[in-house]
Amino acid sequence: ILMIGELARLTGTKVNTIRFYEGIGLLPRPIRTASGRRVYGSPDVRRLTFVRHGRALGFSTNEIRSLLALAGEPERD
């Protein structure tokens, strides 16, 4: 279990960027603690790492969204 600062550090991503990616749907809305703090897990680390690599390769956020959708449907062409 990670808090947003730990996720940011592990992935080399700014906290504001993580919140932005959540807002536009590239990352799912995280579970929140009783005090309202965001909580992340290893699937979030993998997904954010994928998004960061895609951005580094020059893919737009819409293109990354499409790639993530395809990854979620392995039987699709």
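Good morning. I begin with Glu 22 and Arg 38, whose side chains form a salt bridge with an N to O distance of 3.0 Å; the term requires a side-chain nitrogen of Lys or Arg within 4 Å of a carboxyl oxygen of Asp or Glu. Glu 22 belongs to helix 2 and Arg 38 to strand 2 (residues 38-39), so the pair ties together parts 16 residues apart in sequence. Helices (H or I, at least four residues) and strands (E, at least two) are DSSP runs, numbered from the N terminus. A search of the whole structure finds 1 salt bridge.

This is a predicted model, in which local features need pLDDT of at least 70 and side-chain atom pairs count only at pLDDT 80 or more, while totals for chains, interfaces and linings use all residues. Residues are numbered from 1 along each chain as its sequence is written, and side-chain values use heavy atoms, leaving out hydrogens and water.

Glu 22 is buried, at 3% relative accessible area, and Arg 38 is buried at 17%; buried means under 20%, with a 1.4 Å probe and protein chains only.

Beyond four places in sequence, Ile 18 is in contact (heavy atoms within 4.5 Å) with residues including Leu 7, Tyr 40 and Leu 48.

Finally, in helix 1, Ile 4, Leu 7, Ala 8 and Thr 11 are buried.

Conventions:
Buried means under 20% relative accessible area, exposed over 50%, partly exposed in between (1.4 Å probe, protein chains only).
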